[in-house]
Amino acid sequence: MKKLSVLPSVQSIKVACSNCNLRELCMPVGVDEEQLKRLDEIVAVRRKVKRGGNLFRNGDPFTSLYAIRTGFFKTCVATEDGRDQVTGFQMAGEIIGLDGIVNDHHTCDAVALEDAEVCVMPFDRIEELSREITALQSHVHKIMSREIVREHGVMLLLGSMRADERVAAFLLNLVQRLHARGFSQSELVLRMTREEIGSYLGLKLETVSRTFSKFVEDGIVEVKQRHVRIVDTDALKRIVNSQQAGH
C-alpha cells in the first residue's frame, strides 16, 4: 500500500530550541550556546497534527523522535480482535516515538487527542550529535529509561490493582506530570475519553465511570464533564498505597 505523503501537514518553520519555553523539559542541562545552536539546526522542522490525526502509524519507518510542543497524544495498538488498546498518553514537553528505536519502525499509532504541534528531531542526527555532546547523550538515555520505568509501572498497575487503585494512580500520575509543566497541582482537563482511560487501565467503560462517581461521592474529586478538580490528594494517595500495605 502506498503511503500518503505527510508533506502538506509538515510546517518547515525555523524553530529555535534556545528560545523554547519547554527547553528545560526536553533539552539537556549543561549544553553551551554553541552546542545549542547545533541542536537548533537539527530540530528545524515543526509539524502540526490535527485532532484525531496520526503523527505516525504502526509499521511506519522510524526516522525521528518528536518533542511535543502543544497538545496531547495517545499511543495505541490494534488488538487481534480489532480493538484499539491504549498504551500511553503523552503531553507537551514529553518525547514521543521511542517505540521505533528497536526495530527501525514504529510499533504503535500516535493519535492527537487535540490539535497539536511537535518538533521533529531526526534520530540519526541526534545520535551523531550526542556522540560529541555527552550531556545530550545522557539526556537521551534518561528519556528512554524514564519510558521503561513508566511502562513497568503500568504493568504493575494492570497486574495487581483494583479498579479504584488504578484510577487513583492514573489521576495522580497525570496531575504530577502536568504540575512539572507549570500547571495546577489539583485541576486538570482530561483530553482523553472515559473509554480511552478504561482501555489504558484495563477497565470497562462502566467501571471507570462508576469509580469516578464514587470518588465524587466520597468528596475526593469534583468532575464537570472533562474538568476534574482533585479535592483530596491524600485520599487518592491512600487508595494507591493500600496496595503496598496489602489488603
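**Entry 1: confidence**

I began by checking what kind of model this is, and it is a predicted one. The mean pLDDT of the protein is 84, and I noted that 88% of its residues reach 70 or more. Where does pLDDT stay under 50? I found that stretch at residues 1–14. For those residues the model has 20 contacts beyond four places in sequence.

**Entry 2: the sheet of four strands**

Next I looked up an open sheet with the strand order β3-β8-β5-β6 and antiparallel pairing. Its edge strands are β3 (54–56) and β6 (84–91), and each of them pairs on one side only. From one strand to the next, the twist averages 30 degrees.

I then went to the pair inside that order. Strand β5 covers residues 72–78 and strand β8 covers residues 109–112, and four bridges pair them in the antiparallel sense. Which residue stands opposite F73 in β8? I got A112.

**Entry 3: the sheet of three strands**

I moved on to another open sheet, where three strands come in the order β10-β12-β11, again with antiparallel pairing.

Strand β12 (residues 227–230) runs antiparallel to β11, and four bridges join the two. In this pair I found K224 opposite H227 in β12.

**Entry 4: helices across the sheets**

I followed helix α5 (residues 163–180) and saw that it lies across β5 and β6, at about 30 degrees to β6. Helix α5 also lies across β10, β11 and β12, running at about 100 degrees to β10. Helix α6 (residues 194–201) lies across β5 and β6 too, and its angle to β6 is about 105 degrees.

**Entry 5: a cavity**

How many cavities of 30 Å³ or more does the whole structure hold? The search gave two. I picked the second largest cavity, with a volume of about 60 Å³. Its lining has 10 residues, and I95, M121, H139, V140 and I143 lie nearest its centre. Helix α4 (residues 134–160) gives the largest share of that lining, four residues.

How values were computed
Residues are numbered from 1 along each chain as its sequence is written. This is a predicted model: local features need pLDDT of at least 70, side-chain atom pairs count only at pLDDT 80 or more; totals for chains, interfaces and linings use all residues. Side-chain values use heavy atoms; hydrogens and water are left out. On a 1 Å grid over the protein atoms alone, a cavity is a set of points where a 1.4 Å probe fits but cannot get out, and a pocket is an open set with protein on both sides within 12 Å along at least five of seven lines; lining residues have an atom within 4 Å of a point. Grid points are joined across faces, edges and corners, and a volume is the space filled by probe spheres set on the points. Two strands pair if DSSP finds at least two bridges between them. Axes are lines fitted to C-alpha atoms, for helices over the stretch in contact, and angles run from 0 to 180 degrees between N-to-C directions. Contact means heavy atoms within 4.5 Å. pLDDT is the predictor's confidence in each residue, from 0 to 100.
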